[in-house]
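Please look at the chains shown below. The questions that follow start with one residue and move on to the contacts between chains.

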Protein chains: 4
Amino acid sequence: MKTNRLEAFSDGVLAIIITIMVLQLRAPTEITWEALTPILPIFISYILSFIYIGIYWNNHHHLFQITKKVNGKILWANMHLLFWLSLIPFATSWIGEDHLMLVPVVYYGIILFMSGVAYYILHQQIIKAHKDDEIIQKVYENRNKAYFSMGLYLLGIGLCFIHPLLGAICYIVVAFMWIVPNKKVEKYIEQ
Amino acid sequence: MKTNRLEAFSDGVLAIIITIMVLQLRAPTEITWEALTPILPIFISYILSFIYIGIYWNNHHHLFQITKKVNGKILWANMHLLFWLSLIPFATSWIGEDHLMLVPVVYYGIILFMSGVAYYILHQQIIKAHKDDEIIQKVYENRNKAYFSMGLYLLGIGLCFIHPLLGAICYIVVAFMWIVPNKKVEKYIEQ
Amino acid sequence: MKTNRLEAFSDGVLAIIITIMVLQLRAPTEITWEALTPILPIFISYILSFIYIGIYWNNHHHLFQITKKVNGKILWANMHLLFWLSLIPFATSWIGEDHLMLVPVVYYGIILFMSGVAYYILHQQIIKAHKDDEIIQKVYENRNKAYFSMGLYLLGIGLCFIHPLLGAICYIVVAFMWIVPNKKVEKYIEQ
Amino acid sequence: MKTNRLEAFSDGVLAIIITIMVLQLRAPTEITWEALTPILPIFISYILSFIYIGIYWNNHHHLFQITKKVNGKILWANMHLLFWLSLIPFATSWIGEDHLMLVPVVYYGIILFMSGVAYYILHQQIIKAHKDDEIIQKVYENRNKAYFSMGLYLLGIGLCFIHPLLGAICYIVVAFMWIVPNKKVEKYIEQ
């Protein structure tokens with residue numbers, strides 16, 4: 001089975017997730033610059049979540065560039081990933097409204113950690129389905145980044161109990177690690 | 001006429017249905033763990049509905065993998081299926097808010113039953129349009145699962161009047177039956 | 001330029017229009033059958049609008065099956081059609097809430113009339129862009145149905161001032177005329 | 001890497017942006033023609049934003065017609081463009097509600113200016129990725145329109161401080177400049 005429909009469905013879900021977050025930005029009732037102040041934390045959390053979904057889309061894009069076929073397990077692994085990502089708008093609005101308080105930041109970290117786990121499972125299922133494909137085995141062999149990210153998320157969740165800001169910093173570090181998607185994919189396709 | 005646009009439109013509608021349900025999860029106003037308690041039933045019903053839409057998408061995906069052409073009737077049968085599935089978010093929010101009370105659970109059962117009927121009609125229309133295609137006739141010949149599911153939904157609706165939980169259990173049993181999409185499709189494509 | 005992106009974008013917009021209407025169905029606060037009564041008119045208007053968008057999608061689907069190329073004018077004609085269709089959810093909620101009162105029904109008629117005009121313009125632009133294509137000229141030569149529909153909408157809007165129900169009946173008659181998309185397209189593709 | 005998924009994702013996001021704006025049009029509670037008066041400014045700002053997103057989609061459509069490959073930088077440049085466009089619904093509702101007051105019009109101008117900058121960056125990244133492709137270099141060599149637009153936006157933002165209407169006129173002039181997408185693309189493809 002080809003990958004095109006899985007990609008189209010994922011594109012649809014991610015496009016909606018990334019866009020509905022903007023619905024939380026309500027136009028202020030007054031028309032002064034000060035009226036924008038209460039919107040600011042929501043706006044910053046919108047930017048961060050936009051970047052996060054953007055990172056996932058970009059990596060998902062690269063992941064399926066050289067994937068040749070899908071099976072039932074990959075479909076479900078992908079659906080599982082979309083489930084956790086779909087909870088990001090909710091986490092965003094909570095953080096946005098409550099600044100950097102303990103509970104929302106811990107919650108956000110759990111969603112990010114679970115998304116990372118789901119992405120890892122999807123990754124593993126794709127490798128499994130292409131057992132005989134040497135190139136895919138090579139391009140995807142390195143899983144250190146995945147392990148390191150998950151560890152960093154857990155560390156971040158723990159550090160929240162000292163100060164939520166420390167947790168937030170951990171999440172941002174992981175984000176930076178994934179901004180550039182797997183370069184091996186681009187190299188392989190160019191050949 | 002090729003199937004690609006019907007698939008793209010269905011992907012779009014299902015992507016929206018699965019995602020707008022999350023809009024019902026409102027960030028709690030307080031920032032304690034207890035603040036999450038009233039959200040819990042809504043969250044559980046979100047998970048169940050997510051799985052349900054996921055199951056329909058997966059089966060729809062497999063159904064159209066070997067479908068070669070569509071006609072006006074198939075377009076309408078598909079639209080009919082999307083109509084019933086589009087009512088699931090409404091059912092979800094009602095169950096989520098009212099836990100397991102009689103009326104919402106019966107209503108949810110009716111939506112699920114009608115979705116099952118619509119899927120069956122779509123299935124039949126595809127078989128009809130491929131009369132001369134032996135493979136499709138073979139892959140899709142078994143309709144027992146469809147009949148059994150519809151029967152189980154009706155049983156569940158009836159059992160609700162004893163206790164809504166009994167109905168909910170019936171719905172979950174049907175869900176389990178469809179988590180693995182038609183294996184014959186995968187086997188056929190691999191050959 | 002190929003048609004695939006215009007189709008994908010239209011599918012996306014129509015998928016959203018058809019689905020966001022369901023957001024207006026709010027779960028009743030009580031859990032009796034009577035609680036569903038105030039939702040009933042909104043539900044009926046949801047069904048009608050779902051069918052309307054469904055009809056447009058089906059006809060749009062057939063229209064682009066044999067269209068081979070697009071140009072800037074066709075892109076804008078299509079955007080114009082989507083604009084009028086995007087106003088249907090608003091019209092739906094107004095009718096749904098106010099049953100069959102004069103103003104909303106007239107308004108709904110205007111939206112339907114303008115959608116019909118926009119579809120006709122799109123249709124004409126496609127014919128113009130395929131001047132040298134005999135088949136498209138033949139398949140699309142008959143415009144009587146378009147003229148008749150637009151006339152019937154205008155009649156319906158006028159009859160509203162006698163009784164809104166008469167207007168509504170006119171709209172429903174037009175809907176029936178378009179439920180079966182252009183059969184010539186299917187015949188031509190089969191050959 | 002091919003462009004198809006970037007196009008599909010952008011189509012999804014733009015389809016949602018263009019459609020969720022209509023959710024701000026709430027059905028009036030009364031059923032007289034006068035009840036439509038308070039909706040009028042929101043409606044006009046809906047039309048303008050619809051045209052703006054339409055222009056961006058059309059130009060984006062043409063831009064990727066002859067683009068042959070994408071890389072990580074183009075993916076991010078595109079995501080950056082979508083980010084600014086996603087803020088248009090928010091700007092629309094603010095202008096719609098507050099007519100032509102200073103702050104919202106300045107804000108709208110900033111969003112439009114940043115969208116223009118983002119489009120320019122995307123444009124540059126595509127040219128960079130096709131260094132050896134003479135045709136793309138030729139078709140996209142003229143950047144005067146881009147520079148002129150950005151200048152006009154800045155002028156418009158400045159003129160707002162004299163009168164918001166002057167700013168709005170500048171934005172509309174830029175819109176007119178982009179209604180017809182790059183004609184060179186159509187000419188090239190026809191050959």
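Q: In which helix of chain B does B:Ile47 lie?
A: The model is predicted, so local features need pLDDT of at least 70, side-chain atom pairs count only at pLDDT 80 or more, and totals for chains, interfaces and linings use all residues. Residues are numbered from 1 along each chain as its sequence is written, while chains are lettered from A and ligands numbered from 1 in the order in which they are written. Helices are DSSP runs of H or I with at least four residues, numbered from the N terminus. By that numbering, B:Ile47 lies in helix 2 of chain B.

Q: Is B:Ile47 buried or exposed?
A: A residue is buried if 20 or more other C-beta atoms, placed from the backbone, lie within 10 Å of its own, exposed if 12 or fewer, and partly exposed in between. B:Ile47 has 12 C-beta neighbours inside 10 Å. B:Ile47 therefore counts as exposed.

Q: Which helix of chain B gives the most to the side that touches chain A?
A: Two residues are in contact if their C-beta atoms, placed from the backbone, lie within 7 Å. The contact takes 25 residues from chain B and 25 residues from chain A. On the chain B side, helix 1 (4-20), helix 2 (40-63) and helix 9 (183-190) each supply at least two residues. The one that gives the most, with eight residues, is helix 1 of chain B.

Q: How many residues of the side of chain B that touches chain A are nonpolar?
A: Ala, Val, Leu, Ile, Met, Phe, Trp, Tyr, Cys and Pro count as nonpolar, Asp, Glu, Lys and Arg as charged, and the others, Gly among them, as polar. On this side, seven residues are polar and three are charged. The nonpolar residues number 15.

Q: Which helix of chain C gives the most to the side that touches chain D?
A: Here the contact takes 25 residues from chain C and 25 residues from chain D. Helix 1 (4-20), helix 3 (72-86), helix 4 (88-98) and helix 5 (102-129) of chain C give two or more residues each to that side. With eight residues, the one that gives the most is helix 1 of chain C.

Q: Which residues of chain D are in contact with C:Phe9?
A: C:Phe9 has its place in helix 1 of chain C. This residue is buried, because 26 other C-beta atoms lie within 10 Å. Leaving aside neighbours within four places in sequence, C:Phe9 is in contact with D:Asp11, D:Ala15 and D:Trp57.

Q: Which residue of chain C comes closest to the rotation axis?
A: The axis is that of the rotation that superposes chain C on chain D. At a C-alpha distance of 4.1 Å, the residue of chain C that comes closest is C:Gly12.

Q: How far apart are the nearest C-alpha atoms of chain A and chain C?
A: Chain A and chain C do not touch. Their nearest C-alpha atoms are separated by 8 Å.

Q: Are helix 1 and helix 3 of chain C roughly parallel or roughly antiparallel?
A: Axes are lines fitted to C-alpha atoms, for helices over the stretch in contact, and angles run from 0 to 180 degrees between N-to-C directions. Angles under 35 degrees count as roughly parallel, over 145 as roughly antiparallel, 65 to 115 as roughly perpendicular and the rest as oblique. Helix 1 and helix 3 of chain C pack at about 5°, with their axes 10 Å apart. That makes helix 1 of chain C and helix 3 of chain C roughly parallel.

Q: How many residues does the largest nonpolar core have?
A: A nonpolar core is a set of buried Ala, Val, Leu, Ile, Met, Phe, Trp, Tyr and Cys residues joined through C-beta atoms within 7 Å. Among the residues with the most contacts inside the largest one are A:Leu14, B:Ile53, C:Ile53 and D:Ile53. Its size is 207 residues.

Terms used
Copies are superposed by least squares on the C-alpha atoms of residues with pLDDT of at least 70 in both.
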